[in-house]
Amino acid sequence: MNRLLEFVLALATGSRAQAEGLLGDIAEENSIPGTTNALSVGAVLAALTVAATFAVARITRPVHRDLPRPGSRDAMMTVLTQELRSALRLPWRAPGFATAAVLTLALGIGANTAIFSLVNAVVLRPLPFPDSEQLVRVWPGEAMTKGWVMAFENTESFSALAGVSWASATLSGTGRPIELRGGEVSEQFFAVTGVAPAHGRHFAAEDHAVGAEPTVLLSHELWMRAFGGDTSVVGQLVELADDDVGQRRVVGVMPAGYQPLYAQWEFWTPVVIDPQWDYPGSQMSATAWNMVGRLRDEATIDSATAEVAVIGAQIQESAPDRMAESALARAVTVPLLADMVDDERQPLILMLGAVALLLLIACTNVANLLLARGEARRRELSIRSALGASRRRLAAQLLSESLVLALLGGALGVAAAYGAIHYFRRDLINLMPRGGEVALDVNTLLFALAVSVLASVVFGMLPAIRAQRPTADARHGDSSEQRRANRVLVAVEVALAIVFLAGAGLMLRTLSAFGDVDPGFDTNGVVAVGVNAVGDNYDDPYALHGFFVEVEEEVAAIPGIPAPAFAMSLPFGDGSWGWNYTIDSDSYAEGAPMPNAGFRVVSTSYFDTLGIPLLAGRLLDADDVHGAEEVVVVNDAFARPHFERAEDAVGRVITLNTDDSFRIVGVVQGIRHLGFRSDPVPEMYRSFNQHPTRMRHVVARTAMDAESLGEAIQAVVWDIDPDVPVRDAITMDEIMRTSVHEARLFAQLLSAFAALGAVLAGIGVYGVVAYTVSRSRRALAIRMALGASASSVIRRSLREALAPVAVGAVAGLAGAAAAGELLASLLFGVTPRDPVTPAAVPLLLIALASAAAWLPSRRAARVDPAEVLRQE
Amino acid sequence: MASKSLGEFEQMVLLAVLRRGDDAYGAAVRDELTENTSRQIARGAMYVTLDRLERKGLLRSRMGEPTPERGGRAKRYYELSDDGRVLLRQAGRDLMNLWQGQESLIDDA
């Protein structure tokens, strides 16, 4: 900050010594007792005020035109500095024009800067690990299992390779029990990232051995939150319980901000792999494993991919039932950064494209402003030209003015971008990986500078070229060349406006479609509360069942909750395990894929509570208990591929590849469990009474607000077992909103940019057309003097004005179609080739352009032609 | 040098520099002005004036020693140049001549 201030002051005063003395004085006068170097807010403001005063004083200081010998190097520099200085006074000379131009540019440059800072932070900046370009994600083609990780040890391409999986656990003994998310990692995980613990040690080989004492590494954030940053916790046993383990010994604490996969994990545990397993695929793990690796110096992505495929083939050979041969073709190694931000890349690039177009519109508008102003300045330029200023010199003057406008716009734009980034920072952290790292760094500032300079050339060129021909006498109206330039401007503005309006239309309809989508059930008033019974007490399925039955009874007794239900996983949030199955022991051709369906365990009242309609057969009921026939309810997406009518599914028997069999007793309507974008997938529901697995959610439809319901359920659960963590209640509507949060934000941003662009382009179209028509007032007047009627004159000028509009409209429609295809992946509930938007948009613009042409030509037609001719 | 003239504020700043003697750096000059005049002295205006007076050749400046309470930054000391002294003396004389016999105006206030 100090250096920046010193730099700004040096820039404003033109002297580093001056800046140092000034800042020293200000520091001395505003010094905070006890500190020697920090500047207070007051001091910073004072320094900025002084800098501004200096800048104004320098700009308004008279320019002395002592010309050195023409053609010399000195002369060039003198010309340049003189023109720049004189240009710096532009905002004082023409404040209205300058304000309009600077604000327009600030909008364009600010939007570009803000989006670039996002792209820079998420996609461009290297990951915060040593030699991070060596980090890769490894994907053998099929979902990994624990055992397969072993097969990837001792490779030639990787200096370290590790498996990692999501894990959850409950921490108790530090206040109310809390649920934590973390990672289960294989031995070389920390060697891959190359980051040492801040306290304690990494996992050693012994920690991964069968029968080893369970250990854990804490994140800095968890360590601060739950243990107050006490180093003595390292080496202690903590109550960190999951499905298998009740306590773990803390071996270390990772440094602050250590999040290799940006998953906001709070702990890491060592995976235990039994080397006695016969073949790598023998251990069916319940969780999917990801592999991350660090390439050796000499290895490339291609050599690593080839090696992964070879290992994959070995696994496939030893476990053909676990990995299909076709999966090997999908084996890849990708840079970790590219893999992590894969989903964000396309929307971000689209947004960059949108803001670049926005800037182009801003430039076109400013060019138009400059052209109009050029008319007013023709006299000034002619006089300078008459006094001996060369054409080059006049062009230098105009380009300097453009540069000053662009830099002022850029400065304002950067300030706006800074504000926007701070405003959205909290959202960005949760929204996308590395979103929290968005900042205005040197790269971004350089980008803003480059964009500003580029913009000044784009919008300054046409007016500067035109100024090279000051001989074109204003009295003869525009030359054909100038008219052509105007027509090009109109066509460009119209084309851009159409692209933007069409894009805005598509994005707005996507936004409204998010609100209209039918999730498959009635979300109104449905509230979910996470209840996670873990630990030794609940290892026994009957104990688990007993606990939830008790909770259900107690919750049902709370007034205002008519029918509480339980579910293993919630719609829109959780996936479900997929299982291969056969129906009525149908045989499947060798190698043909078996059908696969998701598996969900629910309590009997689940369907009623969520309002999921029954299509055939019956729902799960109280008679489906342990010992009775094993039954399932399937959804229509399950039944449809096998049976013509839903009723036909009822009574058939499903056999899973685990050899468990169930009879289908009912068919219900499908829910969009996996999110808005995917239609309901095939799913089976089993009764909690027959399959007492870990239930995680209490679901209820209630008129109570979520918070008090959450507290009531919390009280009930803790009354039964104070060690079971209960999450805050969340409404189903909220869960739905969250599930489309990112898509919605992109849609909102894009529609905002598109709407801004459309407004700017609309203003531009109006401005260019009105300007062009008013330039031909003299021609109109002559025609009228020669006897043409007012209406024929107006018709003619409308026709002339609309010709380039039509050309622009055609180009714009083509552009809009292309933009629609590009946006396709972000659209929802509307197709890119949606006919409504493109049809409506050109009509809107033609109406706008007609108004722009009609008003000035009517004015011209009403005035006495002699008056117009005299004026000109 | 006779062609140069001094504005009122320029005169005040030159006098403040003169009064401060060897200790005339920005913050001290401002103190001097604030203590001895009825004006609110805008920091920026004063520094711009110091700068302008130096450009006109009426002030000279040199960098002094850095001190800790300034964040290790050096002081920029000012002193009157010969031209500055001549011009200030002339301006003072002119003013005193004009004030002669009108001192009651100050005392009444």
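Author: A residue is called buried when its relative accessible area is under 20%, exposed when over 50%, and partly exposed in between (1.4 Å probe, protein chains only). By that rule, buried residues make up 48% of the 872 residues in chain A. This is a predicted model, in which local features need pLDDT of at least 70 and side-chain atom pairs count only at pLDDT 80 or more, while totals for chains, interfaces and linings use all residues. Residues are numbered from 1 along each chain as its sequence is written, chains are lettered from A and ligands numbered from 1 in the order in which they are written, and side-chain values use heavy atoms, with hydrogens and water left out.

Reader: What makes B:Arg43 and A:Glu29 a salt bridge?

Author: The term requires a side-chain nitrogen of Lys or Arg within 4 Å of a carboxyl oxygen of Asp or Glu. The closest N and O atoms of B:Arg43 and A:Glu29 are 3.7 Å apart, so the pair qualifies. The count between chain A and chain B is five salt bridges.

Reader: Which helix of chain A gives the most to the side that touches chain B?

Author: With helices taken as DSSP runs (H or I, at least four residues) numbered from the N terminus, helix 2 of chain A gives the most, with 12 residues.

Reader: How many residues of each chain are in contact?

Author: Taking contact as heavy atoms within 4.5 Å, 27 residues of chain A are in contact with 22 residues of chain B.

Methods
Helices (H or I, at least four residues) and strands (E, at least two) are DSSP runs, numbered from the N terminus.
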